[in-house]
Amino acid sequence: MIGRVRFGRTELQVSRLALGGYPFGGVNRARGWDPFTAEGKAQAIRTIHAALDAGVNYIDTAPSYGDGQSERIIGEATSKRRTQFALASKVGYRGLSASDVRASIETSLQRLQTDHLDVIQFHGGMYEPQDVTHILSEGLLEELLRLRERGLVRATGFTVEEPWTARPLIASGQFDMVQVRYNLIYQSAALHVLNEAQAADLGVAVMRPMTSGMLQRIASYLAPEWQTAHDLYDAALKFVLADSRVHCANVGMRWPEEVQRNVALVESFQPNFDMARLPRLTAEIYRTEDQKEN
Ligand SMILES: NC(=O)c1ccc[n+]([C@@H]2O[C@H](COP(=O)([O-])OP(=O)(O)OC[C@H]3O[C@@H](n4cnc5c(N)ncnc54)[C@H](OP(=O)(O)O)[C@@H]3O)[C@@H](O)[C@H]2O)c1
């Protein structure tokens with residue numbers, strides 16, 4: 001069975017491999033993928049069951065994934081298995097009032113066929129100072145806290161693509177978790193946000209752990225000889241799991257075979273080096289290597 005870890009101060013116990021919900025709302029006809037068709041939906045539901053059957057117990061989705069389709073499919077697949085996993089969804093903030101936030105979350109709950117979200121995240125890319133003010137001081141965070149009192153949501157968090165822009169949100173002390181972009185080719189979070197999240201005892205989920213296929217696509221142009229089977233996917237997943245500051249990786253998986261492959265990797269992987277300690281700045285690299293010589 002896949003290992004579980006404490007998800008920071010949320011006190012959830014989460015599997016290190018989590019199911020990212022984007023594919024259940026995204027169409028890719030070139031790959032024969034359309035979750036808006038009956039067959040596509042059935043395929044997505046099979047993948048969700050494969051993940052839960054294999055011990056994945058955290059699912060991440062958002063109302064914007066296919067204009068609610070990801071939430072609808074997850075709701076349909078899991079309504080009878082709701083106690084077996086933690087459910088995370090999201091809510092916007094730009095141009096939204098507190099009552100818009102409440103309405104969005106209530107609609108998510110209906111689509112997801114549940115009475116509560118274990119995690120609610122502000123759905124962010126890059127937080128401008130005015131976004132931080134809007135969230136923290138103009139009623140949005142307060143609304144989440146009211147919904148938490150009513151039991152509609154449990155842990156509070158946010159997602160962030162450009163990690164440094166999340167620093168004021170972490171420093172506010174108001175959140176329980178963060179979902180951050182961090183992977184083999186985008187390591188900005190390693191320098192600050194992952195340390196700050198760990199110090200604040202936040203749950204840390206990683207988005208785009210497989211680089212959203214970017215590393216693999218770039219390699220197919222520049223170094224096609226690297227593409228031996230699934231090596232680049234495996235290396236990407238191992239990289240985030242080998243960082244002691246990361247609790248779980250939200251991987252986008254469309255097919256049960258992908259779930260099974262990733263579960264097998266997570267079950268067998270024993271990191272022999274903590275990527276949190278990887279020297280990333282030139283002076284650190286010189287110092288570390290110089291110390292090895294002496
Ligand atoms: N701002 C935000 O909140 C935000 C932004 C982005 C993502 N996210 C979350 O993070 C999740 C993951 O992001 P993502 O889907 O962009 O990136 P990802 O997980 O890094 O990459 C997904 C890609 O990896 C492939 N893949 C997965 N396992 C594989 C395996 N074993 N072998 C070969 N290929 C494999 C998938 O292939 P196929 O295409 O063949 O299925 C897919 O193309 C999303 O679903 C979402 O939940 C959140």
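Tutor: In sorting residues by class, Ala, Val, Leu, Ile, Met, Phe, Trp, Tyr, Cys and Pro count as nonpolar, Asp, Glu, Lys and Arg as charged, and the others, Gly among them, as polar. The model is a predicted one, in which local features need pLDDT of at least 70, side-chain atom pairs count only at pLDDT 80 or more, and totals for chains, interfaces and linings use all residues. Residues are numbered from 1 along each chain as its sequence is written.

By class, the shell around the ligand holds 13 polar, seven nonpolar and six charged residues. That shell comprises 26 residues, the closest being Gly20, Tyr22, Thr159, Met210 and Gly252; a residue belongs to it if its C-beta atom, placed from the backbone, lies within 6 Å of the ligand. Two or more residues each come from β10 (248–252) and α10 (256–268). Such elements are DSSP runs, helices being H or I of at least four residues and strands E of at least two, numbered from the N terminus.

As for the rest of the chain, its secondary structure comes to 11 helices and 10 strands. Of its 294 residues, 43% are buried, that is, have 20 or more other C-beta atoms, placed from the backbone, within 10 Å of their own. Among contacts (C-beta atoms, placed from the backbone, within 7 Å) between residues at least 6 apart in sequence, 77% join residues at least 24 apart. Along the principal axes, the C-alpha atoms fill a box of roughly 60 × 45 × 35 Å.

Conventions. Buried ≥ 20, exposed ≤ 12 C-beta atoms within 10 Å, placed from the backbone. Contact = placed C-beta atoms within 7 Å.
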